[in-house]
Amino acid sequence: MRIGIFGGTFNPPHLGHRHIVEDFHAQMARIGLPLDKLLIIPTYVPPHKAAPDLASGEDRLLMCNLQLENGPFEVSDIEIKREGASYTWMTLEALHEQYDAPGEPAELYFLMGDDMLLYLPHWVRPEKVLEDAVLVSTIRSHECSVEELKAFAQTTYPDQYAAGRFLFFESEPFPVSSTEIRALVKLAAGIRPDGEADAEAPAKVSQHERHIAEKRLEELLDPNVLQYILERELYQ
């Protein structure tokens, strides 16, 4: 079984996330490695470390399901259920235990951004990560090229690179972040995000600003996710 993996906080999941996983799914098929399953894995965040605007694990799982229910994807609660530290090597090991068949281990393909690949040497047990999964790095900015990433991987992990434990894709960016979404939700609710109020932008949010924020949210969120956020009054 060939399984793709895409992890993140997803606070909240937005259309940029969907763009990434759909592109990942399509590009794997294009190179002759179609995925049998693509797992979306929200990370666990300990409550004592949670930021004030962090939605609960249950909320983030539900929003991911709402966002991706119509695609070839499956949302996994493996990290949220485990709680505690959720290092990638632990998750990959658990996925092998879950999906390996006798004599036929699952092929895991772990999707990451170009910035995360460059940070790989600072991960906990990066060699174990490369043993359990092929790392698929997507180039989503003009700050780094495929050639530069290949050179980094080949120099830093020459044996794993030679063994084909890296893949590289270029992907058209979808410029949005969960941070932006949370700020827009506040504006739409008439709350000025922290740090935005000053002499030229008073604390009171105008109806015009609220309308612009509402329209922008409709462009960046799945309508089911937006409705969930508003009904639960998340990020306000």
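Me: Does H9 pass H10 in a left-handed or a right-handed crossing?

Reply: This is a predicted model, where local features need pLDDT of at least 70, side-chain atom pairs count only at pLDDT 80 or more, and totals for chains, interfaces and linings use all residues. Residues are numbered from 1 along each chain as its sequence is written, and side-chain values use heavy atoms, leaving out hydrogens and water. A crossing is left-handed if the near helix is turned anticlockwise from the far one by less than a right angle, and right-handed if clockwise. For H9 and H10, it is left-handed.

Me: How are H9 and H10 oriented?

Reply: Helices (H or I, at least four residues) and strands (E, at least two) are DSSP runs, numbered from the N terminus. The axes, lines fitted to C-alpha atoms over the stretch in contact (heavy atoms within 4.5 Å), come within 8 Å and cross at roughly 140 degrees, on a scale from 0 to 180 degrees between N-to-C directions. Under 35 degrees is roughly parallel, over 145 roughly antiparallel, 65 to 115 roughly perpendicular and the rest oblique, so H9 is to H10 oblique.

Me: Which residue of E6 is the bridge partner of Ser137?

Reply: Strands pair if DSSP finds at least two bridges, and five join the parallel E5 and E6. In E6, the partner of Ser137 is Phe168.
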